[in-house]
Amino acid sequence: MTFLSHLISGISLGSIYAIIALGYTMVYGIAKMLNFAHGDVIMVGGYMSFIAMIYFGWPPLLSILFAMVVCTVLGILIEQLAYKPLRAAPSLAVLITAIGVSYFLQNAAQLIFSANHKSYSSVVPFGSLRLFNDRLIISGTTIVTIIVCIVIILALNTIVNKTKIGKAMRAVSEDKDAAQLMGININKTISITFAIGSALAAVAGVLLCSAYPILMPTTGAMPGIKAFTAAVFGGIGSIPGAFLGGILLGIIEILGKAYISTQLSDAIVFAVLIIILLVKPTGLLGKKVLVKV
Amino acid sequence: MKYLRLRSKIDNWLTYGLIIVAYIVMRLLIAGGNISSTLQGQLVPITAYIVMAISLNLTVGVLGELSLGHAGFMSVGAFSGVITATLLTDAIPMTWLRLALAMLVGGLFAGIFGFLIGIPVLRLQGDYLAIVTLAFGEIIKNVVGTIYLGYDANGIQVSIENNTLQLGEGGKVILNGPKGATGITKLSSFNAGFILILITLFIVLNLINSKSGRAIKAVRDDKIAAESVGISIWRYRMMAFVTSATLAGAAGALYALNYSAVDAGKFDFNKSILILVFVVLGGMGNIRGSIIAATVLTVLPEVLRAFDEVRMLVYAIILILVMLVRNNKTLRQLFQKIGIRRRNSLSNNKEGDET
Amino acid sequence: MRKHMKPRFYLTLIVALVLCLAMLAGCGDKGTKKADDKQAETSDDAAPIKLGGIGPLTGGAAVYGIAVQNGANIAVEEINALGGMQFKLNFQDDEHDTEKSVNAYNVLKDWGMQILVGTVTTVPCNAVGPESYNDRIFTLTPSASSPEVVEGKDNVFQMCFSDTNQGIAAAQYIQEKDLGSKIAIIYNNSDAYSTGIYEKFSSEAEAKGLEVVSTTTFTEDTANDFSVQLTEAQNAGADLVFLPIYCPPAALILAQAKDMGYKPAFFGVDGMDGILELENFDTELAEGVMLLTPFVADATDDLTVAFVEKYKDLHGEVPNQFAADGYDSVYAIYEALKDSDVTAETPASDLCELLIGIFTSDDFVFNGLTGDNMTWSKSGEVAKSPKGIVIENGVYVGID
């Protein structure tokens with residue numbers, strides 16, 4: 001029973017990683033860039049929903065919507081101001097710019113919201129689920145996190161595979177130049193990808209803070225790095241891969257803590273990652289890159 | 001070909017010249033007593049960062065593989081260097097010799113780690129390689145932070161995770177888990193840093209311009225073509241990677257022995273990124289650029305202290321703007337109009353993949 | 001295109017570099033010159049004594065540095081308003097980093113610092129302490145609590161409890177009051193403070209015959225999910241969980257324990273203070289939590305009430321223990337110096353010897369926000385008695 005409860009904690013943590021990883025992987029798939037500022041957009045999402053709920057007194061759902069709108073606008077703004085001018089630049093230049101954006105967001109958040117930690121109220125209105133005479137207790141936040149994660153992955157899959165914009169995304173990710181020749185507006189497609197990724201970041205922020213209710217300017221940093229790892233784990237650029245990678249990472253982290261060592265849990269997570277990549281050099285579900293001779 | 005060789009030679013001498021002139025200027029300033037404590041205190045870290053940047057440039061610029069865990073090698077070098085220096089306190093009274101040995105051991109250990117890590121890392125490519133270096137960096141940080149190491153008359157004792165050291169009379173704890181190493185005898189000096197930079201330049205520039213260097217660049221530009229003409233990809237990639245790690249280790253030892261205390265948490269992902277920023281800003285494969293960028297970006301946050309609480313915000317904005325101006329054609333032309341007319345000069349063009 | 005651009009780019013970079021260096025090199029001169037000017041203007045006793053402060057004002061630990069800075073500033077303002085001896089505080093950011101901390105120290109030295117209030121966090125303090133020891137600048141750290149901070153340095157003093165004393169005091173307290181029979185410990189093993197208290201606590205608990213049934217850790221990077229640690233404590237049957245950690249992870253632990261339906265007694269140390277002041281914190285979660293701390297913001301003595309009110313006015317937040325430590329540090333220096341004839345011209349080294357003499361003398365007793373009748377040992381550790389506090393109905397209540 002203890003194992004089961006650890007497993008559920010792992011899936012819950014992993015669901016949050018998965019939602020963040022989706023943002024990384026979509027942007028990577030389309031724009032071929034590692035957006036290291038993604039974790040900090042999560043933090044902004046957390047603060048925005050906090051402000052809406054506590055300062056404005058709005059109901060949770062409206063607050064989440066507010067956070068999503070703000071983050072979407074922020075995501076598009078970042079893309080237009082910082083990344084778009086670098087479309088033709090080497091990918092490392094964009095990576096460094098993204099890091100600059102990340103520093104910027106963290107420091108701006110500290111100046112605006114103060115460095116003091118804030119205690120987040122969970123957006124989940126109901127309590128824990130008690131099973132087997134209280135031997136297995138699953139918190140409401142955990143249940144909602146897992147459900148939301150599944151809903152998001154299904155919705156995203158539909159968007160990417162069934163809609164026109166999804167088709168455009170796939171085309172741009174496959175071959176930018178060819179896509180442009182076919183009349184696809186590359187800039188618009190990339191902007192929309194950023195918009196979706198940032199909206200997802202807002203949801204991730206809300207869920208992260210609901211599950212672990214302390215909010216500070218560096219809240220997004222570490223989950224951001226872990227989720228990036230998860231995205232690579234699953235095969236960066238692949239949406240089901242990000243989901244699988246996120247969930248697995250969460251489970252490994254929790255089980256590593258539970259059965260090996262709480263001190264070295266991070267080392268364990270990263271060691272497993274290395275081993276997996278050695279066996280599957282492009283991640284679990286990543287496409288094998290064929291090199292033309 | 002002859003012309004190219006001449007040009008790269010002139011270029012290398014320019015790089016050496018830059019370092020030597022900078023050193024002489026600093027020495028004159030110090031001798032004249034015209035130097036602030038702030039700048040003087042930064043000299044050793046600047047030299048360490050320059051070596052870090054040059055060594056990472058070898059991996060990122062010359063070898064063409066993104067490494068996000070360079071601080072891990074710095075960490076290995078730093079702590080093995082500190083341990084060496086502390087253990088040798090009584091045996092070797094000359095501080096310069098102890099420092100040199102510490103840097104040597106630091107470099108050696110980091111090199112060994114570089115080799116061991118290189119075995120799995122270099123089987124991968126692109127962003128997957130990058131993430132594995134990140135993973136190793138994090139593992140090193142995590143593990144070093146749990147090591148307790150001390151010595152007494154009976155020898156060295158090590159324990160992991162929990163402090164179970166049973167040190168006798170006169171024993172000393174060198175590594176104290178998350179507290180890191182404290183009470184380090186400071187050995188590093190500006191002179192030592194200067195010499196380390198010269199050695200680094202000598203190694204790296206000679207490597208780049210040697211037959212092996214050309215092989216490494218051939219591997220970077222086209223693995224398959226390189227392999228088809230009989231270049232052993234693995235060997236040359238490993239050569240660049242291990243050299244890079246070794247130099248980073250020596251720089252780590254220099255860096256750590258400049259402070260009385262150092263902890264494992266210092267050498268984290270952010271530190272790796274910081275060094276990567278030096279390299280990218282200075283230009284991939286461009287050694288002189290790395291030197292200048294490392295210096296400017298190390299001094300910059302101190303200069304920005306005038307901005308008080310918005311200091312790091314300004315730093316972030318400068319970083320973004322520099323990247324934009326440097327890499328965007330329109331912005332660059334705009335700056336060109338208002339800026340100084342560009343000169344035509346003998347400049348290096350070692351940049352490979354970003355034209 | 002690129003190739004042509006490069007010379008100009010480097011030119012710009014080099015110009016920027018030269019400017020930076022010129023500014024830095026100039027800083028020292030300007031700093032001292034400015035100070036000279038000031039001293040020339042006001043050669044009477046009105047020239048302020050220069051206090052330097054170092055702590056994290058940006059980055060993950062900013063909350064602690066900013067609190068110390070705010071608290072110390074209030075003390076300086078109050079003291080200056082009294083007339084008589086004047087202080088000027090220059091507080092520099094160190095980002096909780098040894099390298100930046102030494103940089104900040106050098107900046108302050110260039111400025112002409114006479115006394116150092118800092119640094120706020122332990123590891124940077126271990127790097128700065130030896131510098132100030134060599135330069136003979138008196139150093140009073142508000143909150144760097146590790147014993148290594150003061151070890152072997154006669155000029156470094158602590159305003160907070162040392163980790164050693166906290167660990168021992170907590171074990172003693174738990175044993176004397178019989179608070180729990182089976183103890184679980186959750187600590188942060190990437191943090192010097194937390195590990196320091198844990199080590200002393202665990203050896204003292206063993207000596208006192210307390211039964212520790214579970215010891216688990218977390219790191220800065222894994223300070224999100226505590227389900228594993230709590231489950232282990234619960235399965236081991238712990239009825240008291242000892243948390244030698246800061247309040248943000250403690251708040252997470254309380255919330256997750258509640259979700260799990262695990263209800264042991266929780267016992268914290270001074271890092272736990274401020275938990276009720278977390279914005280929007282559900283105080284119900286902390287009901288019954290005990291902690292040993294020298295300062296709580298809703299104490300009713302006049303000094304605390306006045307300080308808290310002023311702090312709230314200025315910063316819109318309730319001060320935590322770090323703010324109180326900063327405030328006390330400045331006042332302790334003031335109390336030590338107020339009867340002397342030191343001025344802005346007294347060399348730092350003279351001030352250092354004088355202050356060491358006063359702080360270690362038997363007659364010097366300091367009463368402040370963080371304790372009454374504080375005295376300092378030769379080694380630099382403070383002696384004061386921690387207060388046992390329990391949280392009842394959302395407020396701190398003294399246990400005794």
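Reader: What span should helix H5 (residues 140–162) of chain A have, and why is its length said to agree?
Author: A helix is a DSSP run of H or I with at least four residues, a strand is a run of E with at least two, and both are numbered from the N terminus. The expected span of a helix is 1.5 Å times one less than its number of residues. For the 23 residues of H5(A) the span should therefore be 33 Å, and the end C-alpha atoms are 32 Å apart, which agrees. This is a predicted model, in which local features need pLDDT of at least 70 and side-chain atom pairs count only at pLDDT 80 or more, while totals for chains, interfaces and linings use all residues. Residues are numbered from 1 along each chain as its sequence is written, and chains are lettered from A and ligands numbered from 1 in the order in which they are written.

Reader: Which residues of H5(A) are buried, and what covers them?
Author: A residue is buried if 20 or more other C-beta atoms, placed from the backbone, lie within 10 Å of its own, exposed if 12 or fewer do, and partly exposed in between. Among the buried residues of H5(A) are Thr141(A), Val144(A), Cys149(A) and Leu156(A). Their cover includes helix H1 (2–31), strand E3 (136–138), helix H8 (186–211) and helix H10 (239–259) of chain A.

Reader: Why is helix H2 (residues 38–55) of chain A called largely enclosed?
Author: Of its 18 residues, 15 are buried, so the rest of the structure largely encloses H2(A). Its end C-alpha atoms are 25 Å apart where 26 Å should be spanned, which agrees. Gly57(A), with a positive phi near 70°, follows H2(A).

Reader: What makes up the side of chain B that touches chain A?
Author: Contact means that the C-beta atoms of two residues, placed from the backbone, lie within 7 Å. By that test, 36 residues from chain B meet 38 residues from chain A. The largest share of the chain B side, ten residues, comes from helix H12 of chain B. Ala, Val, Leu, Ile, Met, Phe, Trp, Tyr, Cys and Pro count as nonpolar, Asp, Glu, Lys and Arg as charged, and the others, including Gly, as polar. The chain B side accordingly divides into 25 nonpolar, four polar and seven charged residues.

Reader: What makes strand E7 (211–218) of chain C an edge strand?
Author: Strands pair if DSSP finds at least two bridges between them. The open sheet has seven strands in the order E7-E6-E8-E9-E10-E14-E15 (chain C), with mixed pairing. E7(C) and strand E15 (395–398) of chain C are the edge strands, each pairing on one side only.

Reader: How do you know that strand E10 (residues 290–293) of chain C pairs with strand E9 (residues 265–268) of chain C?
Author: Two bridges join E9(C) to E10(C), which run parallel, and this meets the requirement of at least two. Phe267(C) stands opposite Met290(C) in E10(C). Four bridges join E10(C) to strand E14 (residues 387–392) of chain C, and these two run antiparallel.

Reader: Which way do the residues of E10(C) point?
Author: In a regular strand the side chains alternate between the two faces of the sheet. Met290(C) and Leu292(C) point one way from E10(C), Leu291(C) and Thr293(C) the other way, and all are buried.
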